[in-house]
Amino acid sequence: MAVRHQLIKRPPEAVWAVLEDPSRYSDWVVGTSSSRPKTGDWPQTGSALEYTVRVGPWTADGETVVRLYDRPRCLELEAKSGALGTARIAIEVRPWGDETLVVVDEHPLRGPGGLLHNTVIDALLQLRHRAMLRRLADVIEGATR
């Protein structure tokens with residue numbers, strides 16, 4: 001299980017403004033080049049986004065479904081990555097004085113990703129989360145300067 005946190009120098013309302021905006025998903029989620037609503041009213045439970053992952057000339061589409069929306073505390077997502085399976089991504093939003101502590105907890109849930117899950121995969125997820133949380137902080141802190 002890969003758990004990582006980031007202190008964001010803005011109040012929780014600013015964090016939620018970005019998490020609740022489906023057009024901003026690709027701004028902070030590492031690997032996505034674009035995102036668009038698929039079903040429902042993001043981020044209501046059961047709603048979904050489609051996104052495109054681009055690595056050089058290679059592209060693939062994925063889907064993220066909201067499994068739990070419990071504002072002001074957490075947003076839990078299931079990212080579907082085709083043949084690799086799915087992952088559970090829990091984003092916890094905690095007030096921290098005038099700032100916000102964001103905690104991300106991700107682990108493979110279904111498919112081959114779950115079967116191959118090990119400490120090496122967790123280490124790679126930690127690197128991805130470091131970049132993702134830094135991007136989230138940059139988007140939120142930059143939007144309010």
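This is a guided tour of a predicted model, moving from its sheet to a helix and then to several charged pairs.

Before selecting anything, note that residues are numbered from 1 along each chain as its sequence is written, and that side-chain values use heavy atoms, with hydrogens and water left out. Because the model is predicted, local features need pLDDT of at least 70 and side-chain atom pairs count only at pLDDT 80 or more, while totals for chains, interfaces and linings use all residues.

**The sheet**

Begin by colouring the strands, which, like the helices, are DSSP runs numbered from the N terminus (helices are H or I, at least four residues; strands are E, at least two). Seven of them form an open sheet in the order 1-7-6-5-4-3-2, with antiparallel pairing, where two strands pair if DSSP finds at least two bridges between them. Select strand 1 (2–8) and strand 2 (32–39) next: they stand at the edges with a single partner strand each, so one side of each has no neighbour in the sheet. On average, neighbouring strands here are turned by 25° against each other, direction ignored; axes are lines fitted to C-alpha atoms, for helices over the stretch in contact, and angles run from 0 to 180 degrees between N-to-C directions.

Stay at strand 2, which is joined to the antiparallel strand 3 (residues 48–55) by six bridges, and pick Ser35, whose bridge partner in strand 3 is Tyr51.

**The helix on the sheet**

Now show helix 1 (residues 12–19), which packs on the sheet and touches strand 1, strand 4 (58–70), strand 5 (74–80), strand 6 (86–96) and strand 7 (99–110); contact means heavy atoms within 4.5 Å. The direction of helix 1 makes about 155° with that of strand 6.

**Charged pairs**

Where a side-chain nitrogen of Lys or Arg lies within 4 Å of a carboxyl oxygen of Asp or Glu, a salt bridge is counted, and the count comes to 14. Select Glu78 and Arg110, which meet in one of them at 2.7 Å, N to O. Glu78 lies in strand 5 and Arg110 in strand 7, so this pair ties together parts that are 32 residues apart in sequence. Glu78 is buried at 3% relative accessibility, whereas Arg110 is partly exposed at 48% (buried means under 20% relative accessible area, exposed over 50%, partly exposed in between, with a 1.4 Å probe and protein chains only).

Move on to Arg24 and Asp27, whose closest N and O atoms are 2.5 Å apart in a salt bridge; Arg24 is partly exposed at 25%, and Asp27 is partly exposed at 32%. Finish with Arg36, Glu50 and Asp61, which a network of salt bridges links.
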